[in-house]
Structure formats: C-alpha cells, structure tokens
Amino acid sequence: MPEIAPHIARMPGSGVRHILERALRRPGTIILAVGEPGEVAGERIRDAASQAWRDGAIRYTPNGGIPALREAIRDKLARENALEVDLEQIWVTVGATQALHLAMALTLSQGDEVLVPDPGYTTFTMNAHLLQATPVPYPLRPALAFQPDLGELESLVTPRTRAIIVNTPSNPLGSTFDRPTLEALIALARRHDLWLISDEVYERFTWGQPHVSPATLDTDGRVLSVFSMSKTYAMTGARVGWLVTPPGWRQTMLRVQESVVSCVDEPSQRAASAALTGAQAAVAHSAAHYRDNLAAATSLLEARGLRYLDPTGAFYLWIDVSHASAGDVVAWCERFLDEQGVAVAPGSAFGASGEGWIRVCVASDRDELLEGLGRIPAPV
C-alpha cells in the first residue's frame, strides 16, 4: 500500500488538542485549555445566516467573498486599523487558519525558513512542516517580558529565510508588541528582504495600549495580514476570516483560492457582514468581561504566590508552574487533569520556551475559572 508523504509524518500534532480530547472523555472537567469565547454570537448575526439559508443562498460565491462582506471589511480596516486597502486586497477565508495557511503557502517554498515566535501559536509550526518549509523559533523570554530580542532575532536570519511571523496580541502569551517594536521588525524584514506575516486575530482585545497593524507601517508591500471573526464576535464555528495581501495580487489569489476552497459559504459570510456593520456593543461587553475575568484571576494568582505574565491583550493567562512540573509540563498537565479535573494547555505545546508554563483561557465562566486556578499548587 502506498505511504503518505514523509513530510506529513514529521508534522507535529497539537499539544492543546491532545489535552482537550483527554478532557472531553472526563465528565465534569473544568476546561480552561481552549481559546473559546463564552458568549453566543448576537441574534442579528445568527438571523443573517438563517435568512441566507431560507433564501437559498447556498451556491458558489466569488473567490474573494461576497461584495457586501469585502466592503464591510474594507470599511472596518479603514475605521479601526487606519489601514486603507482596496477590495482586491481582501480575501475571505475559512477562518484565520486558512488565511494563515494561504499567507505561508504564498511566500514559502520547499526548504525555505520562516521565523516563528516561541512560544507561539501551534499552527505556525504545523503549517511550515505541511509546506515543507523549516520553522525557526525566535525565543520570547520572561526576562524581556516576552518581547523579542531584536539582535538575537536578526542573528537567526540565513540566506534561506523568507518570512517572519508576528502575532500581536499573542496567543498563547497575552502579550502585545508596541509601535516601536513593530517598526523595528518591519525594518529588519526590509533589511533582509523578508515577508512579514501578521496574525491579528485578537486585535479587538488589548489592555492598556492600542493595537497597531504592522501593514500601516509597511512602505513596500511586504506585509500579509491575517484577521478573524472568531474571537471578536464569538463565531469560532462559523469559520470566517480574511487575508489582506499587498496590492496587485488579484490574479494570483484567484488561482490559489480556487484550488484550496473555492469560496466560503454564503450564510457565514452574511453573518460576518452583519457583525461588522451592526452595533458593536457586544464586542465592548465581551472585552469588559474578559478584562474583569483577568483582574479576578490575577488577583487570585498573586494571593497564592503564583508567577504569571501580566497580559496586555487577548484573553489568556500565561502562568509559571515550573515549581510543580519538574521539567515536564505536558506530563504535569495530564496529571492535573486526571487528579484535579482541570484542563489547561501545556506551555511547551507552543514551543520549547514554554516549558514550565501553562496557558489558561479566561473567556468563559468566572466561577469555573477561579475554581480551576485555585487547584493549581502554589509554590512552597
């Protein structure tokens, strides 16, 4: 029998999904491992999708998305991100996951290297392996508050390096990069003629400083930007995101999008359009809920003497459990789930620099969150 391609066999799995699958087999588990908003998408958003089904709007759409949604995205980017783009730069995708895959597939060839944050979102590394490229981690360390060491980062660039991935606000860290840091990263990309792929899924949730889209600092068309409806509007299952390309890529994108998914289903696109053009009070409510959950959670951690990264974005807490994990945080997370009934994501699932840390999602019920955090063993 034929074998699958060797590079697929070498592709790493998701350490977060491993914990989740284990947790789902255990009734009564407090699940804090997955980045899932606790809210339900608003009625107006759901009605837009329902109406599309009733209208029979379930045929192919243009590759880039229905005009109403692309126009809503264009207006949103101008209004909220100070990013002026034309419609042919906007490509509606099956969530940010497909947008990220497209961005990497468009810029990486077999054997190329891509600089990925460590700790960083698992799909960055998984996509690189899928595309037969080589992910090169750039460490984000506690000593620098998980900000990049620009000198160290530049030392990782080789003749094979083609792109750098930037994720702000960060999943899993909850950290953000300020404008000077992003300017320095853009300058580095320009010096070495690299693409910069910007993951901005958590753009609407920042605490203390505004979100900056790297494409607003780009002067020569080297930034590809990835966005999503999932977290902002509690639409994770609807699978709608978008990729913003440099100008002039229309013919390329038509071919690439057609070969991968053809288009996103119209009911989900109509729901996304309704979300972007309607009142944004629910987004503000969600942000306040996450911020209040973070405040309650960090207060509990401080009272128990647990070290954590003070988040400036997203809805995660990055917590140090090295005093308990004995150098193997995956095994500790499995024991913690089995013995305490709480599922958390092991930091090493996001890169080697995450050993000894865990990621906790704070987006759901506050009582469950505090109960789960209260079961983490405190340092002696």
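**View 1. Ile 319 and the residues that it touches in the predicted model.** Leaving aside residues up to four places away in sequence, Ile 319 is in contact (heavy atoms within 4.5 Å) with Leu 301, Arg 307, Tyr 308, Gly 356, Trp 357, Ile 358, Val 360, Leu 373 and Ile 376. Ile 319 and Ile 358 have the most contacts inside the largest nonpolar core, which has 113 residues. A nonpolar core is a set of buried Ala, Val, Leu, Ile, Met, Phe, Trp, Tyr and Cys residues joined through side-chain atoms within 4.5 Å. Buried means under 20% relative accessible area, exposed means over 50%, and partly exposed lies in between (1.4 Å probe, protein chains only). In soluble globular proteins, nonpolar side chains tend to be buried together. The model is predicted, so that local features need pLDDT of at least 70 and side-chain atom pairs count only at pLDDT 80 or more, while totals for chains, interfaces and linings use all residues. Residues are numbered from 1 along each chain as its sequence is written, and side-chain values use heavy atoms, with hydrogens and water left out.

**View 2. The open sheet β9-β10-β13-β12.** Four strands form this open sheet in the order given, with antiparallel pairing. Its edge strands, β9 (308-309) and β12 (345-346), each pair on one side only. Strands (E, at least two residues) and helices (H or I, at least four residues) are DSSP runs, numbered from the N terminus, and two strands pair if DSSP finds at least two bridges between them. Strands of a sheet pair through backbone hydrogen bonds, either parallel or antiparallel. Strand β10 (residues 316-320) is joined to strand β13 (residues 357-361) by five bridges, and the two run antiparallel. Here Ile 319 has Ile 358 of β13 as its bridge partner, and Trp 318 has Arg 359 of β13. Two bridges join β12 to β13, also in the antiparallel sense, and Pro 346 stands opposite Ile 358.

**View 3. The two sides of strand β13.** Why is β13 largely enclosed by the rest of the structure? Five of the five residues of β13 are buried, so the strand is largely enclosed. Trp 357, Arg 359 and Cys 361 point one way, whereas Ile 358 and Val 360 point the other way. In a regular strand the side chains alternate between the two faces of the sheet.

**View 4. Strand β7 and its partners β6 and β8.** Six of the six residues of β7 are buried, and the strand is mostly covered. Val 223, Ser 225 and Phe 227 point one way from β7, and Leu 224, Val 226 and Ser 228 the other way. Strands β6 and β7 run parallel and are joined by four bridges; Leu 196 stands opposite Val 223. With strand β8 (residues 241-244), β7 pairs in the antiparallel sense over four bridges. Val 226 has Leu 243 in β8 as its bridge partner.

**View 5. Salt bridges of Glu 80.** The structure holds 21 salt bridges (a side-chain nitrogen of Lys or Arg within 4 Å of a carboxyl oxygen of Asp or Glu). Glu 80 forms one with Arg 79, the closest N and O atoms being 3.6 Å apart. Glu 80 counts as partly exposed at 31% relative accessibility, and Arg 79 as exposed at 52%. Arg 204 also forms a salt bridge with Glu 80, with the closest N and O atoms 3.2 Å apart. Arg 204 lies in the loop between β6 (195-199) and β7 (223-228) and Glu 80 in helix α4 (residues 67-81), so this pair ties together parts that are 124 residues apart in sequence. At 24% relative accessibility, Arg 204 is partly exposed.

**View 6. The salt bridge between Arg 141 and Glu 152.** In this pair the closest N and O atoms are 2.7 Å apart. Arg 141 is in the loop between β4 (134-139) and α7 (150-155), and Glu 152 is in helix α7, 11 residues apart. Both count as partly exposed, Arg 141 at 39% relative accessibility and Glu 152 at 23%. Elsewhere, salt bridges that share partners join Lys 76, Arg 79, Glu 80, Glu 203 and Arg 204 into one network.
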